[in-house]
Amino acid sequence: MQPGANSLRKIAVVGRGTAGSLAAASVTRLHPGDYELDHIYDSRIPVIGVGEGSWPSLVQELRVLTNVPHETVQRRLNGTRKYGVQFEGWGRRGRDFTHFFTPQQVSYAYHLSADLMAELLQEAASARHVDAKVLGITSGEDGARVEFEGLPPERYDLVFDARGFPRELDPAQHVDLSFIPTDTAVIRRCPPVFGQEREGPVLTPTYTRAVARPHGWVFVIPLTAHTSYGYVFNRDVSDLAEVEEDFDRLLEADGVRDFEQRAVIPFPNFVHRRIYDGRVARIGNAAAFMEPLEATAIVSAQLQIGMVLHIRLNRPAEHLERDAPVVNRFLMNTVLRYGLFVGWHYSCGSKYDSGFWRHARDDAWPRHREVTDPGAVDCSALEKFDEMIELLNRPVIEKTDWNRMCAVPLTSYAQVSQGLGSGP
């Protein structure tokens with residue numbers, strides 16, 4: 001029995017990127033009763049087909065949502081099996097290290113093409129497609145109201161807002177994660193690293209490369225159809241022309257002679273203060289974003305969608321007003337912990353003594369305590385992060401603490417701490 005299902009008769013998902021497509025497929029899979037689902041998007045807004053990394057939770061979720069075998073899912077995504085992240089040139093020690101998923105060499109995620117994943121998930125969703133520009137989404141006592149351009153407004157019991165980044169950050173609505181020192185990515189598509197003569201999915205273990213460079217760092221994501229490179233930097237510290245020049249040098253060192261320039265994408269690092277209000281659930285880049293260093297975007301969207309649907313379906317409607325602030329605080333807390341984990345990677349600098357890395361280590365990261373102060377964000381993310389760092393600094397970690405989490409497991413903190421040289 002799911003007592004909240006009767007209060008979810010009319011649902012909308014706004015946006016057809018990764019988060020919106022996950023939400024539409026999740027509603028289709030999880031809702032037990034009669035309902036209407038509108039998937040609303042403006043077809044004039046393209047889905048940028050970048051290469052993305054993920055966490056192991058996505059492998060099983062895509063199998064469940066699509067009812068398609070793992071091997072078929074991987075092929076449909078032009079995917080490879082990601083076993084972790086290889087860091088090159090990060091930290092005090094001047095040596096490379098790998099952040100493995102655990103159990104090591106057993107647990108894996110996907111490297112995937114974002115547009116292909118949206119396409120696969122849309123096939124798994126039973127929804128009425130509404131091609132329209134959304135002008136606004138507002139919450140009211142009787143649900144959420146969606147305003148359209150050229151169409152009459154519609155009322156819904158629940159709206160998943162997956163419209164992407166805010167145009168600008170508002171301190172009243174957003175927590176600016178200014179301790180993360182990057183805000184722009186240059187995306188290039190390069191030839192694949194796997195030969196074309198093969199049958200079945202690629203089973204070879206692959207890793208996302210995170211390569212420290214003078215102006216930031218470069219992700220390298222190996223897909224079967226191409227390799228996605230992205231130079232992540234701070235446009236207030238480095239000029240785009242000098243970033244492009246250093247990007248060319250890296251590709252030359254990697255033996256890459258040809259590439260397609262895909263996009264220059266500015267982005268904010270932020271968390272929305274009201275991810276969920278009971279009637280509108282912001283998901284994906286509408287809820288929060290931080291640079292792609294640890295592939296936190298998709299796993300955050302999974303959490304947001306799953307948590308909201310679980311609460312709405314399994315709790316009676318009369319608890320909605322009481323539940324919403326609790327769920328919102330939980331989601332904010334978790335995403336802020338992801339942000340602290342990502343920002344912490346910069347705390348030990350890199351092998352480059354450049355303007356970017358001095359700014360990242362000495363100016364940006366020290367802001368994390370002020371930004372995530374409990375009085376400013378109304379949650380305990382900083383306290384839990386400090387507890388995890390204190391645990392790493394102990395001479396012996398007791399077995400009772402081995403399963404501790406702060407958004408990611410203790411094993412992830414330990415591997416990154418050792419690799420960066422962050423310990424005592």
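How do the residues of the lining of the second largest pocket divide into nonpolar, polar and charged? They divide into nine nonpolar, five polar and seven charged. The model is predicted.

- Three bridges join S12 to strand S18 (residues 270–272), and the two run antiparallel.
- Strands of a sheet pair through backbone hydrogen bonds, either parallel or antiparallel.

**The largest nonpolar core**
- This core has 107 residues.
- Trp90, Phe160, Leu177, Val271, Tyr276, Leu336 and Tyr413 have the most contacts inside it.
- Helix H7 (residues 320–344) gives the largest share of this core, 12 residues.
- In soluble globular proteins, nonpolar side chains tend to be buried together.

**Helix H4**
- H4 spans residues 114–123, and its buried residues are Ala114, Leu116, Met117, Ala118, Leu120 and Leu121.
- These buried residues pack against four helices by name: H1 (18–30), H2 (57–66), H3 (70–76) and H6 (296–314).
- They also pack against strand S3 (51–52) and strand S6 (109–113).

**Ser26 in helix H1**
- Ser26 is found in helix H1.
- Its relative accessible area is 4%, so Ser26 is buried, the cut-off being under 20%.
- Beyond its neighbours within four places in sequence, Ser26 is in contact with His31, Glu61, Leu65, Ile305 and Leu309.

**Phe356 in helix H8**
- Phe356 sits in helix H8 (residues 355–364).
- Phe356 counts as buried because its relative accessibility is 1%.
- Leaving aside neighbours within four places in sequence, Phe356 is in contact with Pro181, Thr182, Pro214, His215, Gly216, Asn234, Val237 and Tyr346.
- Phe356 and Arg213 are 143 residues apart in sequence. In space they are 9.3 Å apart, C-alpha to C-alpha.

Definitions and conventions
Residues numbered from 1 in each chain as written. Predicted model: local features only at pLDDT ≥ 70, side-chain atom pairs only at ≥ 80, totals over all residues. Heavy atoms only, no water. Buried < 20%, exposed > 50% of the residue type's maximum accessible area, 1.4 Å probe, protein only. Contact = heavy atoms within 4.5 Å. Core = buried A, V, L, I, M, F, W, Y, C linked by side-chain atoms within 4.5 Å. Nonpolar A, V, L, I, M, F, W, Y, C, P; charged D, E, K, R; others polar. Pairing = 2+ DSSP bridges.
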